[in-house]
Amino acid sequence: MRFLLPIGFEMDKEHICQSHSISARERTAPLLVHDGHHAVIDIHCHLNIHAADTFVQATGDLPSASSDFSSPASDEANRRQFADICEKLNVIDARLNDMDSAGIDIQAISPSPGQYYYWTQPEIGRQAAELVNNGIAEAVSRHPERLVGMGTVPLQCVEMAVAELKRLSCDLGLRGVEISTNVNGRELASPEFRPFFEAAENLGILIFLHPLGFSHGQRLSDHYFNNIIGNPLDSTVAVSHLIFGGVLDRHPGLKICVAHGGGYLPFYFGRMDHAFCARTDCRDNIDRLPSSYLHQLYFDTLVFDRRQLEFLIEVYGADRLMLGTDYPFDMSEADPVAFLANLPPDDRDKIFGATAARLLGLVQSSK
């Protein structure tokens with residue numbers, strides 16, 4: 001029988017976490033892996049923490065309706081969707097049978113993107129993030145053989161975000177942090193966010209970059225475009241800023257996985273490389289081709305078309321891809337194992353779980 005056990009932290013992480021109460025090796029129980037095979041790990045699946053919603057709603061600090069670019073038809077479809085998935089999204093036990101049916105051994109659960117709460121006042125955001133992260137950790141503790149957790153941080157106040165990042169990693173044992181592609185319209189490459197990326201690099205924690213529609217979606221209200229087009233579009237803008245703003249150059253050790261196959265940029269990088277060569281304003285913070293920085297990133301497999309999956313493998317390598325489903329939403333991949341079934345076995349093993357296990361701090365050992 002084989003198990004997944006926590007990898008010992010690097011020296012920087014030991015130093016950062018030494019003042020916290022739970023050591024690296026005490027964070028979680030072992031995770032069972034099928035004998036002779038890599039665990040199949042879903043890097044992109046969500047859990048909503050109801051306690052955080054209740055807390056924020058009670059404060060009256062609510063988002064502006066103008067930020068929701070939608071149509072009556074999409075609103076009605078979403079009402080039906082959330083009625084259908086409510087239990088699966090909010091109750092952890094409800095998903096275990098679905099995991100078995102889909103061939104998923106382990107979910108790396110991250111908060112529902114609607115729970116970033118960046119629009120709240122900083123102290124409300126801090127408390128909401130604590131509730132979300134405590135809820136994720138509690139879910140993992142109930143099923144440690146099937147779940148690992150990724151948390152959230154209140155990026156509207158970077159000092160609070162860094163403190164919560166250390167708490168969720170060192171105290172709660174969460175393996176990653178989910179962040180949005182902008183913070184109330186502010187780009188992630190803004191200097192104010194440098195302490196967050198420095199802390200994430202030092203901790204060695206995985207950043208899961210997941211959008212919540214497009215920030216300027218006035219033209220995307222119909223046909224669910226703010227999700228269909230807007231999600232990969234906002235990721236494209238965010239990753240472009242991380243590249244041209246020098247974040248990936250200054251922090252080459254960052255572990256960043258971009259949802260939805262990385263957005264559009266991994267498939268259309270030639271234009272930015274041409275601009276880098278042609279224009280001085282595209283070389284302010286970097287001194288090599290922008291596309292080279294894409295090879296520092298990781299992507300999930302949520303592209304729905306095998307030709308696009310094969311392109312990502314050919315250009316970036318199978319070791320830069322991780323299986324992702326977007327469970328339990330209607331934009332999820334219903335049969336993720338079958339989607340990857342025709343790949344060469346070595347590539348399939350990397351994408352199924354080997355890369356995710358490494359990035360999440362899990363290692364196989366025989367017992």
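The model is predicted, so local features need pLDDT of at least 70 and side-chain atom pairs count only at pLDDT 80 or more, while totals for chains, interfaces and linings use all residues. Residues are numbered from 1 along each chain as its sequence is written, and side-chain values use heavy atoms, with hydrogens and water left out.

Helices (H or I, at least four residues) and strands (E, at least two) are DSSP runs, numbered from the N terminus. Strand β5 spans residues 147-151, and five of its five residues are buried, so the rest of the structure largely encloses it; buried here means under 20% relative accessible area with a 1.4 Å probe, protein chains only. Leu147, Gly149 and Gly151 cover one face, with Val148 and Met150 on the other, and all are buried.

On one side, β5 pairs in the parallel sense with β4 (residues 106-111) over three bridges; pairing takes at least two DSSP bridges between the strands. Here Ala108 sits opposite Val148. The chain gets from β4 to β5 through helix α5 (residues 122-142), in a right-handed β-α-β crossover, that is, clockwise from the first strand over the helix to the second with the strands pointing away from the viewer. Strand β6 (residues 176-179) also runs parallel to β5, joined by two bridges, and Gly176 is the bridge partner of Met150. Helix α6 (residues 158-171) carries the chain from β5 to β6, and this β-α-β crossover is right-handed.

As for Asn231, it lies in helix α9 (residues 230-244) and is buried at 6% relative accessible area. Beyond neighbours within four places in sequence, Asn231 contacts Pro211, Leu212, Gly213, Asn226 and His260, with contact meaning heavy atoms within 4.5 Å.

Technical notes
Buried means under 20% relative accessible area, exposed over 50%, partly exposed in between (1.4 Å probe, protein chains only).
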